[in-house]
Amino acid sequence: MVTFILRRVGVMVLTAICLTFIVFFLTNLYPNLEKLAKTQGNFRMTDAEVESYLGRNGYLDPMLVKYGRWIGVWPGWVIEEEGATRGRCIEPGQPPEEAPRFCGILQGDWGFSTVFRKDVGVITGEKLALTGWLMLWVMVLMVPSALMLGVLAGMREGSRTDRTLSTFAITTTATPEYVSGVLFIAVFASSAVGLQWFKGTATGAVDKPTFENFFLPVLTIALYGMGYIARMTRASMAEVMTAQYIRTARLKGVSFPNIVLKHALRNALIAPFTVIMLQFPWLLNGVVIVETLFNYKGFGWTLVQAASNNDIELLLAVSVVSVVVVLVTQLISDIGYVYLNPRISVS
Amino acid sequence: MAEHDAPILEIENLSISFFTRLHEIPAVMDFSVTVRPGEAVGLVGESGCGKSTVALGVMRDLGVNGRIVGGTVRFKGRDLGTMSAAELRAIRGREIAMIYQEPMASLNPAMRVGRQLMEVPMIHEGISRTEARARALEVVGDVKLPDPERILDSYPHQLSGGQQQRIVIAMALMSKPSLLILDEPTTALDVTVEAAVVDLVKDLGRKYGTSMLFISHNLGLVLETCDRICVMYSGEAVETGSVRDVFDRMQHPYTQALFRSIPLPGTDKNAQPLKAIPGNFPLPHERPTGCNFGPRCDYFRAGQCDAGDIAMARIEGSDRHFTRCLRVAEIDWTAPLQKTGTVEATPPGKVVLRIENLRKYYEVAANALFGGGGATKVVKANESLSFEARESETLAIVGESGCGKSTLAKMLMGLETATDGAILLDNRNIEQTPIERRDTQTVADIQMVFQNPFDTLNPSMTVGRQIIRALEVFGIGATDRERRDEMLRLLDLVKLPREFAGRMPRQLSGGQKQRVGIARAFAGGARIVVADEPVSALDVSVQAAVTDLLMEIQRKQKTTLLFISHDLSIVRYLSDRVMVMYLGHVVELGTTDQVFAPPYHPYTEALLSAVPIADTRVKKTHIVLEGDVPSAMNPPPGCPFQTRCRWKPEVPGGLCEREVPAIRELAPGHQVKCHLSADALSCW
């Protein structure tokens with residue numbers, strides 16, 4: 001088991017390097033850099049000025065060198081001009097001798113966000129925590145209810161319960177978040193005609209999340225994702241219920257609730273488990289709409305800001321986080337799969 | 001005492017129907033059977049005759065669409081039909097238990113064996129976990145599984161097929177039921193494993209005094225296990241009686257036809273060909289009025305047999321022997337089978353295929369799933385095979401699963417290349433040429449008929465198109481028109497009506513599909529046909545027809561037939577020579593008469609004794625092989641069979657455990673791989 005995990009972690013690191021390089025390459029293409037130079041300097045720069053700006057800030061070095069610097073395995077650039085020494089790793093006001101040679105992700109230096117005027121590491125940490133909190137509650141609401149829905153629908157395929165629950169699941173999945181979100185705000189939060197049970201904005205939730213200001217965004221995301229998991233669970237459950245070993249259990253005299261709980265459930269969860277694990281990366285990026293709609297300044301909102309303002313370092317950090325989340329959840333999904341399915345062993 | 005003599009199970013005029021949106025499909029009609037305490041009743045018939053539906057009807061587990069529409073099922077005097085769900089649950093597993101056809105599918109893959117066993121008494125008797133575990137240990141010991149503690153803690157996939165079936169049996173016995181329903185319990189198992197399982201069931205039935213309802217299509221098996229038998233045809237019981245009465249004094253044309261279509265010892269493909277039942281099994285909505293068997297019956301008389309429903313009639317002077325035939329009295333049951341014409345045996349011609357010291361080793365990673373690493377192991381699938389096959393000869397290859405017969409077939413076909421040795425086709429080496437590099441003629445020369453006709457035809461292509469496709473591949477016929485004519489000729493050859501060319505495979509029955517498979521194999525004028533269990537997926541009555549067809553084509557085209565099978569009765573019936581394989585070795589090779597008569601190789605002896613024979617006159621020695629076939633990944637040292645051989649003590653000096661025996665010739669053309677002296681071998 002340990003060697004299996006180690007091997008998987010090795011593969012993960014390799015995948016992460018490849019994926020981040022691709023993102024790095026794309027964000028560091030010349031048109032992007034030109035735009036960066038113009039936003040940092042001024043918009044009426046001539047081509048020559050752009051060139052010199054980029055040169056002075058190490059942007060024109062070979063791609064691999066730049067990538068190495070970003071990772072922290074290649075020394076940062078150092079330029080002497082007009083008597084002062086500037087460098088990638090030299091903080092403003094810091095004597096050049098005291099500055100470290102390397103400064104990249106490995107050293108914990110994620111760069112500087114040009115939009116928020118703050119360290120990228122700090123921003124990502126903060127925003128990730130906020131979105132993590134949102135995701136946690138979405139999962140808490142979505143997974144159990146989706147599984148319950150799926151199991152209840154699938155245990156008697158074609159019954160009235162099945163048809164009702166399936167219709168519900170399809171409806172929720174077919175309703176995009178920007179529709180359901182707006183609808184919920186109108187019904188539950190609008191001051192004119194609504195019930196005014198909840199708040200239509202989650203801005204306050206950043207500092208102090210309460211049921212009142214946090215429930216609507218959670219519900220909006222959960223409903224959308226729930227239908228999908230429920231459909232998967234239902235299909236898997238319905239198939240398991242026709243298996244011969246279920247007949248064996250039935251003819252052993254096992255009661256129906258016990259057949260479902262003891263015999264069918266574990267077998268039926270194998271397929272949806274992978275889907276649930278795939279929901280994490282989806283949630284991370286899928287929250288964009290909801291976070292914007294409810295004005296919750298989390299990870300998705302940051303992503304939008306970074307992308308629209310050409311904030312290269314922040315974009316890179318966001319993509320690294322996404323890649324890591326995808327890979328980690330896949331690892332967990334594989335390990336969980338082994339646990340659920342005794343026919344697969346890793347020893 | 002009177003209470004004990006009362007029947008355990010009484011089924012009276014039971015009718016079961018399945019309901020679709022539009023139709024009512026009767027699956028079982030007017031079915032009656034009685035099972036007394038300690039009695040074993042066999043339920044025999046072809047697939048689709050409703051025998052499994054009867055079993056599920058007794059269990060009242062017919063699904064959403066099935067319903068009992070008439071008659072009663074009484075268990076110990078109580079009507080099962082009127083019981084509530086809770087009452088039924090109390091009976092299922094505790095009073096009536098069931099053993100199923102596919103052990104792997106009927107055990108929960110995600111639950112340890114122990115928990116599945118313990119569950120039964122915990123539900124029904126409310127006993128504690130520790131008590132249940134003790135009971136499970138005891139029953140697992142009863143079904144003769146080694147190391148019960150380890151077995152209880154394993155998952156089903158960690159056990160072999162035979163062990164799984166023993167677990168299913170153990171599960172059925174956990175609460176000591178009074179009725180056991182066995183639904184084809186050994187169909188998925190090898191013959192030697194089948195013999196052991198049947199033995200076990202009989203012993204346990206005696207030990208616990210359990211009554212049994214034994215469902216099978218294998219008449220031999222029923223003869224070995226049951227006291228009474230009930231023959232079913234198309235949803236009806238056609239004949240019931242004691243096993244002796246039905247086997248020796250059968251009183252229904254279907255029973256007779258069934259017996260005549262299975263090969264018994266002594267039948268021979270040339271002197272006494274099998275007699276297939278003409279026509280096809282009627283689908284439920286196509287049943288004729290009157291006698292269901294009428295259209296296929298030799299004794300059919302219009303106006304009498306198709307007038308109306310026929311009731312079961314008692315045969316005078318017998319022990320509860322009934323038949324559903326109006327003409328019982330008029331038919332001379334003792335009349336010998338009219339010879340369908342003997343055929344001249346074709347003498348074998350020149351050698352077309354020679355195999356010399358052929359070996360196939362596979363290297364497998366110890367851990368295939370997660371990319372291996374670590375040591376690779378060698379699976380010795382075939383060990384130095386040498387034999388030759390002549391023109392128009394049938395060479396049968398027999399052995400249990402895992403003996404290497406399929407690997408041999410794959411090498412012949414070119415799907416695998418040999419590790420060592422030679423395959424000579426007309427003195428040309430082909431063992432290292434994979435199929436994609438063989439020339440068209442070689443590919444057309446060696447063709448295969450597959451085991452499962454249901455999976456080997458492309459479901460979205462018409463029958464004619466599939467045969468034409470084969471003709472195109474083999475480069476036969478210059479134009480489409482010529483190929484079409486050739487295709488129609490092939491359909492004639494396999495005795496399918498020409499209009500089948502435009503049909504889809506799903507519209508064909510199993511036997512018809514297999515005929516298409518045969519037509520496809522012979523499309524390029526194959527000279528060697530490897531038939532891998534060509535009839536084992538088919539019903540008894542169809543088997544005879546397909547086998548005879550193969551024989552007939554062989555005679556016409558002088559084909560060499562390599563007939564791979566585990567069914568020794570059919571092998572004995574149709575083959576000229578037989579090769580017995582065990583763990584990749586050829587342990588015995590000789591003409592059919594030599595192999596099927598002493599002196600035998602010890603493994604052949606065990607194999608022969610394991611085959612159930614549907615003839616009350618045959619008495620056979622009973623040899624049950626202990627344990628499972630060793631893994632080819634880790635074969636025993638010395639003789640491959642030494643771990644299960646009952647003659648091992650006869651060989652002095654532990655020779656069996658040290659050396660692989662050399663091939664010895666006992667008689668011209670009869671070779672055996674055994675350390676036993678010629679005297680010891682011939683002392684049977």
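Two strands count as paired if DSSP finds at least two bridges between them. Helices (H or I, at least four residues) and strands (E, at least two) are DSSP runs, numbered from the N terminus. A word on ground rules: this is a predicted model, in which local features need pLDDT of at least 70 and side-chain atom pairs count only at pLDDT 80 or more, while totals for chains, interfaces and linings use all residues. Residues are numbered from 1 along each chain as its sequence is written, and chains are lettered from A and ligands numbered from 1 in the order in which they are written.

**Stop 1: a strand pair in chain B**

Select residues 40-44 of chain B, which is strand 3, together with residues 228-233, which is strand 9. The two run parallel and are joined by four bridges. Zoom in on Gly42(B): opposite this residue, in strand 9 of chain B, is Ile229(B).

Now widen the selection to the sheet around them. Eight strands of chain B make an open sheet with mixed pairing, in the order 6-7-8-3-9-10-12-11. At the edges are strand 6 (96-99) and strand 11 (313-314) of chain B; each has a single partner strand, so one side of each is left without a neighbour in the sheet.

Angles run from 0 to 180 degrees between N-to-C directions, and axes are lines fitted to C-alpha atoms, for helices over the stretch in contact.

**Stop 2: another sheet in chain B**

Chain B also has an open, mixed sheet of eight strands in the order 18-19-20-15-21-22-24-23. Strand 18 and strand 23 (663-667) of chain B are the edge strands, pairing on one side only. Direction ignored, neighbouring strands of this sheet are turned by 20° against each other on average.

Ile528(B) in strand 19 is opposite Ile446(B).

Further along, strand 22 (residues 585-591) and strand 24 (residues 670-673) of chain B are antiparallel, with two bridges. Look for Leu589(B) opposite Gln671(B) in strand 24.

- Helix 13 (residues 405-413) of chain B lies across strands 15 (394-398), 18, 19, 20 (560-565) and 21 (577-582), at about 150° to strand 19.
- Helix 22 (residues 602-610) of chain B lies across strand 21 and strand 22, at about 100° to strand 21.

**Stop 3: helix 16 of chain B**

Select residues 463-473 of chain B. The buried residues of this helix include Val463(B), Ile467(B), Ile468(B) and Leu471(B). Among the elements covering them are helix 17 (480-493) and helix 18 (510-521) of chain B. After helix 16 comes Gly475(B), with a positive phi near 70°.

**Stop 4: chain A and where it touches chain B**

Colour by chain. The contact takes 19 residues from chain A and 25 residues from chain B. On the chain A side, helix 9 (244-252) and helix 10 (256-293) each supply at least two residues, and helix 9 gives the largest share, seven residues.

Stay with those helices. The axes of helix 9 and helix 10 of chain A come within 10 Å and cross at roughly 140°. Tyr245(A), Ile246(A), Ala249(A) and Arg250(A) in helix 9 meet Ile259(A), His263(A) and Ala264(A) in helix 10.

**Last stop: zoom out**

Chain A has 12 helices and four strands. Its radius of gyration (over C-alpha atoms) is 26 Å, well over the 20 Å from the globule rule for 347 residues, so chain A is more spread out than a compact globule. That rule is 2.2 Å times the number of residues to the power 0.38.

Technical notes:
Contact = placed C-beta atoms within 7 Å. Buried ≥ 20, exposed ≤ 12 C-beta atoms within 10 Å, placed from the backbone.
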